[in-house]
Amino acid sequence: MKIYVDSADMAEIQNGLDLGLCDGVTTNPTLIARTGKSMTDAIKDICSVVDGDVHAEVLSLDADGIYKEGKELAKISDNIVVKIPMCHDGLIAVKRFTDEGIKTNVTLIFSTSQAILAAKAGASNVCPFVGRLDDISSAGTELIHEIVTVFDNYPEITSEIIVASIRNPLHVVEPALVGAHIFTIPGGVLKQMEKHPLTDIGIAAFLEDAKKFT
Ligand code: G3P
């Protein structure tokens, strides 16, 4: 199991590193925009502290544009994974990057058929969004189960599944039960995962009882 930090915020990323819970980082244009930095500066800053894969997303939607942009992003650091939105030209670009040994992540996956195409194009990662499916009353974690089942049926598929759009701890636990490979978790959800009310009650009771020591 790998845990990534789903953020471009350096404090959140550092917190993940301090906890030993930062096998990589995923970003997207929305997360980069929140930093107030340019895409290049934000990705450079992340790569200066993270040794694992750092996912940087292209904005182009045509194969040549995606390829050009992805090549520029890949120059920033050896650990860059080019993140490409799921689309026809995106799959063409994935094939080109794969042929050159550049890692790719096909993002905005909302169906098993999309995941199959991305995997067959050679994507290193496929990125299904569980929270956004839940938002439209479609069970996000069931999609993960389906993709895991299909990929397990075909050992030649080497793409790793990154569970994304994680909004609560169950979005981690349910996909973990079926063997999803990677979980990209926002800082807030990581905090929620630490907590249990019975843990807090237990700690308070132990400290209270410790006052009775002789
Ligand atoms: O990695 C993609 C993810 O950050 C999207 O999350 O909450 O915007 O659906 P969300």
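In which hand does α4 pass α5? I looked this up before anything else. α4 passes α5 in a right-handed crossing. The convention I used: a crossing is right-handed if the near helix is turned clockwise from the far one by less than a right angle, and left-handed if anticlockwise.

**Ground rules**

I am working on a predicted model, where local features need pLDDT of at least 70, side-chain atom pairs count only at pLDDT 80 or more, and totals for chains, interfaces and linings use all residues. Residues are numbered from 1 along each chain as its sequence is written, and side-chain values use heavy atoms, with hydrogens and water left out.

**Entry: whole chain**

I counted 11 helices and eight strands in the protein chain. Both are DSSP runs numbered from the N terminus: helices are H or I with at least four residues, strands are E with at least two. Along the principal axes, the C-alpha atoms fill a box of roughly 75 × 40 × 30 Å.

I then checked burial. Of the 214 residues, 45% count as buried. Buried means under 20% relative accessible area, exposed means over 50%, and partly exposed lies in between (1.4 Å probe, protein chains only). The accessible surface comes to about 10900 Å². Carbon and sulfur atoms hold 56% of that surface. These areas come from the Shrake-Rupley method with a 1.4 Å probe; for residues, only the protein chains shown count as cover.

Contacts came next, meaning heavy atoms within 4.5 Å. Among contacts with a separation of 6 or more, 55% join residues 24 or more positions apart.

Two packed helices are described by the angle between their axes and the distance between the axes. The axes are lines fitted to C-alpha atoms, for helices over the stretch in contact, with angles from 0 to 180 degrees between N-to-C directions.

I took α4 (residues 63-76) and α5 (residues 88-99). Their axes come within 8 Å and cross at roughly 45 degrees. α4 and α5 are therefore oblique to each other. The classes are: under 35 degrees roughly parallel, over 145 roughly antiparallel, 65 to 115 roughly perpendicular, and the rest oblique.

From α4, the contact uses Ala63, Asp64, Ile66, Tyr67, Gly70 and Lys71. From α5, Asp89, Gly90, Ile92, Ala93, Arg96 and Phe97 take part. I sorted this contact by class: six nonpolar, two polar and four charged residues. Here Ala, Val, Leu, Ile, Met, Phe, Trp, Tyr, Cys and Pro count as nonpolar, Asp, Glu, Lys and Arg as charged, and the others, Gly among them, as polar.

**Entry: α5 against α6**

α5 also packs with α6 (residues 112-121), at about 30 degrees and with the axes 8 Å apart. α5 and α6 are therefore roughly parallel to each other. Leu91, Val94, Lys95 and Thr98 of α5 meet Leu117, Ala118 and Ala121 of α6. That contact divides into five nonpolar, one polar and one charged residue.

Lysine 120 is also in α6. It is exposed, at 59% relative accessibility. I checked lysine 120 against isoleucine 157: 37 residues apart in sequence, 7.2 Å apart in space, C-alpha to C-alpha.

**Entry: buried positions**

Which residues does threonine 104 contact, leaving aside neighbours within four places in sequence? I found Val81, Val82, Ile84, Val94, Phe97, Gly122, Ala123, Ser124 and Asn125. Threonine 104 lies in strand β5 (residues 104-109). Its relative accessible area is 0%, so threonine 104 is buried.

Glycine 24 sits in strand β2 (residues 24-26). Glycine 24 is buried too, with a relative accessible area of 0%. Beyond four places in sequence, it touches Ile3, Tyr4, Val5, Val50, Gly52 and Asp53.

I looked up valine 130 in helix α7. Its relative accessible area is 1%, so valine 130 is buried. With residues up to four places away not counted, its contacts include Gly140, Ile144, Val163 and His171. Valine 130 and valine 50 are 80 residues apart along the chain, and their C-alpha atoms are separated by 25 Å.

**Entry: positive phi**

Most residues other than glycine have a negative phi. I noted leucine 108, with a positive phi near 60 degrees. Leucine 108 is in strand β5 and is partly exposed, at 30% relative accessible area.

Serine 137 also has a positive phi, near 60 degrees. Serine 137 lies in the loop between α7 (130-135) and α8 (140-153). Serine 137 counts as exposed, at 73% relative accessibility.
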